[in-house]
Amino acid sequence: MTVSMKQTRALGHAFIYLIAGLGSIVMLFPLLWTMSTSLKTIDQLVVTRIELMPDPIAWNNYVELFSRVDVTKQFTNTLTIVVAAEIGSLLVCSLVAYGFACIDFPGRDVMFVLLLSTMMLPGVVTLVPFFVMWDRLGLVNTFYPLVIPRFLAHNPFYIFLMRQFFRGLPTDLFDSARIDGCSDFGIWRKIVLPISKPVLATVAIFTFQWAWNDFMSPLIYLGGDKGKWTLALGLNALKGFEGETTVHFQMAFSVLMIIPVLVVFALGQKYIIQGVTFSGIKG
Amino acid sequence: MGASSSASAGTVESRVVTTRLSRWRFRNRRWVGWLFILPWVIGFLIFDVLALVLNFYFSMTNFTVGARVPDWVGFANFQQAFTKDKLLGLSFTNTVYYAGLSIPLGMLVAFVLALLLNADIRGRGIFRTVYYLPSLVPAAASAIIWLFILRTRNGVLNQFLGLFGINAIPWLGRPEWAKPALILMSLWSFGQQMVIYLAGLQGIPTELYEAAEIDGASWLQRLLRITIPMMTPMLFFNLVMGIIGSFQVFTAAFLMTQGGPLNATLFYMLHLYNNAFRYFRMGYSSALAVLLFLVILTLTLFVNKTSGRWVYYGGA
């Protein structure tokens, strides 16, 4: 390699560091600003200088937030939905995915194409009918509209991910189990699930993010009953009242809402990469 | 379907332990398969088929939540949408404006960042995480955060711009700034797209670049002749997802501007939401849903149709 090539390379890397570094500041600043504002007192909020490090640090904002808003209740509600959605997604989607991936039955391919086509169906065309159905069943203002679809595998993307993963598993394992008289249900439970941790973890994380972050469904189905509000609805309501004077509490609430997502992501990051690359986005 | 059919063929051939039981099992795998996918089939029939049919049916009625039986009104809802609903045209233009800028800009930013972070530099894992983080932030939280950052008076963005002598911009306070502000904000969370591009970049065989280097291809030529053609499946995927997503944009506008100022951010979904859940005009909003569905369907089919010309699937 000639000197000039080395220099171009070094120059290229310096350029990348510069752009990526500046970009990182832009990406991170809103989060840092949120954190910093959540620790400011009312007096510090109106200061016109950009201060990232509040002095003094108002840890008390977090304590006061809990006395102003029923965060605990909203957290429990959100967690209830998350847990139910997790059980539904992991259990039912993996059963369905096993059916599509490991059993050869008439009509399977047609059903799979239908499954894939529902992935492209925009949610807007089912918004109103969903509401009308749940309303007629008297289930508006309960968690059921958010949870029951998970137990009916109403998530083609998760099924798709799992099915791709299961198809990549060595078939010898299934064959020998079948010869030994193991049923499909047994194979699913004793062989497939234990060796599919990457894809199960991936789906678990996606489900968590969806259930934790979702705003529109809780708004429509739980908005009318304050006792059933999720964190997302609670945060929105905090914005609505008193506006100006609650900014530090809004930011504290935001921080509390962001942290669990980051923790779950950090814990599962390596599984996501395994789960998705193994499944192959290209199909 | 190769893997699993050979699996069951294997079961037949290796009938070392041919018992009546195992033959019974094999024959019954026909319905066992249906049993496994049954939950999804039920969900599909209720949440996709029935919901879709109901939506089309409601769109031909004057259904409101209170009414027991909806009255059939034919195409009256559509007629009203096209002739009387002044906000509909506006909300559609707003949505097209938003989609038309946020989709290409988002794709560009995510693609460029993926290219940069695919380079063999130290600490790229950290950079990737940093760029991915904002896309994890719940929509409700990012709305609150950006509402605060974008404040006209004392907003941190305007304070920063003030350092360069730029006067305070009324980001969410003026119709001409509100849409650009929301588009700017949407660019903050391109992480998911970037990850897809990164996965694609890692799938490009290095021999292609080596051969090009031997032929003396420049950096730009390699980008235009190898990287971009090989990335077209990912670009296509993100384009389709971008269309489906941005035409249904809702949460940010609902939380931050409620469609204001002067309806500048009244996006289609917001207009639909207001009709359905504020005025409880279920029939009319179903008609609105049908129209948006047709727009999205047409666009996706169009993109899909042209994809033969620009998407490269490695000869497959």
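Helices (H or I, at least four residues) and strands (E, at least two) are taken as DSSP runs and numbered from the N terminus. On that basis, chain A of this predicted model contains 14 helices and 0 strands. Its elements, read along the sequence, follow the pattern α-α-α-α-α-α-α-α-α-α-α-α-α-α. The radius of gyration of chain A is 24 Å, well over the 19 Å given by the globule rule for 283 residues, so the chain is more spread out than a compact globule. Along the principal axes, the C-alpha atoms of chain A fill a box of roughly 75 × 75 × 35 Å. Of its 283 residues, 40% count as buried. Among the contacts in chain A with a separation of 6 or more, 78% join residues 24 or more positions apart.

Chain B is divided into domain 1 (2-58) and domain 2 (76-310). The C-alpha centres of these two domains of chain B lie 39 Å apart.

**Contact between the chains**

In the model, 79 residues of chain B are in contact with 80 residues of chain A. Helix H2 (residues 20-58) of chain B supplies the largest share of the chain B side, with 21 residues. The composition of that side by class is tabulated below.

| Class on the side of chain B that touches chain A | Number |
|---|---|
| Nonpolar | 58 residues |
| Polar | 18 residues |

**Nonpolar cores**

The largest nonpolar core has 123 residues, of which Val96(A), Ile159(A), Met162(A) and Ala289(B) touch the most other members. Helix H4 (residues 71-102) of chain A gives the most to this core, namely 13 residues. Leaving aside residues up to four places away in sequence, Ala289(B) touches Val124(A), Val125(A), Leu127(A) and Val128(A), together with Asn55(B) and Leu272(B). Another core, of 19 residues, lies apart from the largest one and includes Leu113(B), Val130(B), Met194(B) and Met231(B).

**Confidence**

The model scores ipTM 0.88 and pTM 0.88. Chain B averages a pLDDT of 88, and 90% of its residues score at least 70. Where pLDDT is low, the predicted coordinates should not be read in detail.

Definitions and conventions
Residues numbered from 1 in each chain as written. Chains lettered and ligands numbered in written order. Predicted model: local features only at pLDDT ≥ 70, side-chain atom pairs only at ≥ 80, totals over all residues. Domains from an automatic or database assignment. Contact = placed C-beta atoms within 7 Å. Nonpolar A, V, L, I, M, F, W, Y, C, P; charged D, E, K, R; others polar. pLDDT = per-residue confidence, 0-100. Core = buried A, V, L, I, M, F, W, Y, C linked by C-beta atoms within 7 Å. Buried ≥ 20, exposed ≤ 12 C-beta atoms within 10 Å, placed from the backbone. Rg over C-alpha atoms; globule rule 2.2 N^0.38 Å.
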